[in-house]
Amino acid sequence: MPILLQVDFPSNGPFGDEMAQAYQPLAESINQEPGLIWKIWTENSEAGEAGGIYLFDSQENAKNYLDMHTARLQSFGVQNIRGKIFTVNDTLSRINQAPL
């Protein structure tokens, strides 16, 4: 059963094309994380927030990534990191065209 991880945190940017350029190496490295199926990068420059929505193959891999990512963000001075892990209801999600 797929596991969804939602992470967001305060951010002063970069956003948009600058974010894409600055974080391309990070995005490529995230593909190597155990159990990662996909990630959607999120940003809200008006609210000063960034983060992502991830799909993992197991609760364990999602939790391990959240722990590692939280520590990495904190090492950059980021505070107020919010991470939530959810089980995905495959049946209902497929009705609404979820990319599972």
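W41 is partly exposed, with a relative accessible area of 32%; partly exposed here is the range between buried, under 20% relative accessible area, and exposed, over 50%, using a 1.4 Å probe and protein chains only. Before I go on, a word on the model: it is predicted, so local features need pLDDT of at least 70 and side-chain atom pairs count only at pLDDT 80 or more, while totals for chains, interfaces and linings use all residues. Residues are numbered from 1 along each chain as its sequence is written, and side-chain values use heavy atoms, with hydrogens and water left out.

Back to W41, then. What sits over the ring of W41? The charged end of K39 does, 3.3 Å from the ring centre. That label applies if NZ of Lys or CZ of Arg is within 6 Å of the ring centre and within 35 degrees of the ring normal.

K39 itself is found in strand β2, residues 36-44; strands are DSSP runs of E with at least two residues, helices are runs of H or I with at least four, and both are numbered from the N terminus. K39 is buried yet has no salt bridge, and the nearest side chain of opposite charge, E43, is 10 Å away. A salt bridge would need a side-chain nitrogen of Lys or Arg within 4 Å of a carboxyl oxygen of Asp or Glu. For charge, Lys and Arg count as positive and Asp and Glu as negative, with His and the chain ends not counted. K39 does have a polar contact of 3.2 Å, side chain to side chain, with Y54. Such a contact is a pair of N or O atoms within 3.5 Å; within protein, one must be able to donate a hydrogen and the other to accept it, and residues adjacent in sequence count only if both atoms are side-chain atoms.

Now the aromatic rings. The count comes to 4 aromatic pairs, meaning rings of Phe, Tyr and Trp (its six-membered ring) with centres within 6.5 Å; planes under 30 degrees apart are stacked, over 60 edge-to-face and the rest tilted. Y23 and W41 make a stacked pair, 6.3 Å centre to centre with 15° between the planes. This pair links distant parts of the chain, 18 residues apart, with Y23 in the loop between α1 (16-22) and α2 (24-30). Y23 is partly exposed, at 31% relative accessibility.

F56 and Y65 are tilted, because their planes lie at 40°, with centres 5.6 Å apart. F56 is buried at 0%, and Y65 is buried at 3%.
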